[in-house]
Amino acid sequence: MANYSTGELAKKVGVSIRTVQYYDRRQLLSPAKLSEAGRRVYTDHELEQLELITFLKSLGLSLNNIKELLNSPNFDEVLQTLLNQEELQLKQKIKQQEDTLKTIGEIKQWLTDQIPITPNSFIGIEESIRRRRSLTRKRSALFVFGA
């Protein structure tokens, strides 16, 4: 099992040394031990934990929620639910982007066919895009409160 200093651990995960130290102060990530000189020493276990914290943070979870999740007796179940929800949201975003791409293609075709496009032609398109974004924000909020 490898040992890492704070700097080595931070570099491996792509975060700052201060971030690692901050997570230690917040009791999210504790060193495996202290060296004789009093320096923090981390192992592969803490490396994996920091990678998980970074991933959960990228999903939009707060540090408090991450701490609750890490300390949860139902960690596996909650994480599975979180990943399922994130997967669903990503699929919805992909669908929205595919719809937008399709709309762009249709507009380009109208322009190629020299069909007159007026500002009113875009009102329905803009409203549709706005509704999709609003639904995505509402789903995200519901998930966070549910987790």
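**View 1. Helix α1 meets helix α3 in this predicted model.** From α1, Leu9, Lys12 and Val13 make the contact. From α3, the partners are Glu46, Leu47, Leu50, Glu51 and Thr54. Sorted by class, this contact holds four nonpolar residues, three charged ones and one polar one. The two helices pack with their axes 10 Å apart, at an angle of about 45°. An angle of about 45° falls between the limits of 35 and 65 degrees, so α1 and α3 are oblique to each other. Their crossing is right-handed. Helix α1 covers residues 6-13 and has the highest mean pLDDT among the elements of the chain, at 96.

**View 2. Helix α3 packs on helix α4.** Helix α3 spans residues 44-58, and helix α4 spans residues 63-71. α3 passes α4 in a right-handed crossing. Gln49, Leu52, Ile53, Leu56 and Lys57 are the contact residues of α3. They meet Leu63, Ile66, Leu69 and Leu70 of α4. Seven residues of this contact are nonpolar, one is polar and one is charged.

**View 3. Three strands form an open sheet.** The strand order is β1-β3-β2, with antiparallel pairing. β1 and β2 are the edge strands, each with a single partner, so one side of each has no neighbour in the sheet. Helix α3 lies across β1 and β3. Its direction makes an angle of about 80° with β3.

**View 4. Strand β1 pairs with strand β3.** β1 is made of residues 3-4, and β3 of residues 40-43. Two bridges link them in the antiparallel sense. Asn3 stands opposite Thr43 of β3. Tyr4 has Tyr42 of β3 as its bridge partner.

**View 5. Strands β2 and β3 make a hairpin.** β2 covers residues 33-34 and runs antiparallel to β3. Two bridges join these strands. Lys33 faces Val41 of β3 across the pairing. Five residues separate the two strands of the hairpin. Within the hairpin, Gly38 adopts a positive phi near 85°.

**View 6. Helix α6 has the lowest mean pLDDT among the elements of the chain.** This helix runs over residues 121-146, and its mean pLDDT is 60. Where pLDDT is low, predicted coordinates should not be read in detail. For the protein chain, the average pLDDT is 84. A score of at least 70 is reached by 78% of the residues.

Conventions:
Residues are numbered from 1 along each chain as its sequence is written. This is a predicted model: local features need pLDDT of at least 70, side-chain atom pairs count only at pLDDT 80 or more; totals for chains, interfaces and linings use all residues. Side-chain values use heavy atoms; hydrogens and water are left out. pLDDT is the predictor's confidence in each residue, from 0 to 100. Helices (H or I, at least four residues) and strands (E, at least two) are DSSP runs, numbered from the N terminus. Axes are lines fitted to C-alpha atoms, for helices over the stretch in contact, and angles run from 0 to 180 degrees between N-to-C directions. A crossing is left-handed if the near helix is turned anticlockwise from the far one by less than a right angle, and right-handed if clockwise. Contact means heavy atoms within 4.5 Å. Ala, Val, Leu, Ile, Met, Phe, Trp, Tyr, Cys and Pro count as nonpolar, Asp, Glu, Lys and Arg as charged, and the others, Gly among them, as polar. Two strands pair if DSSP finds at least two bridges between them. Angles under 35 degrees count as roughly parallel, over 145 as roughly antiparallel, 65 to 115 as roughly perpendicular and the rest as oblique.
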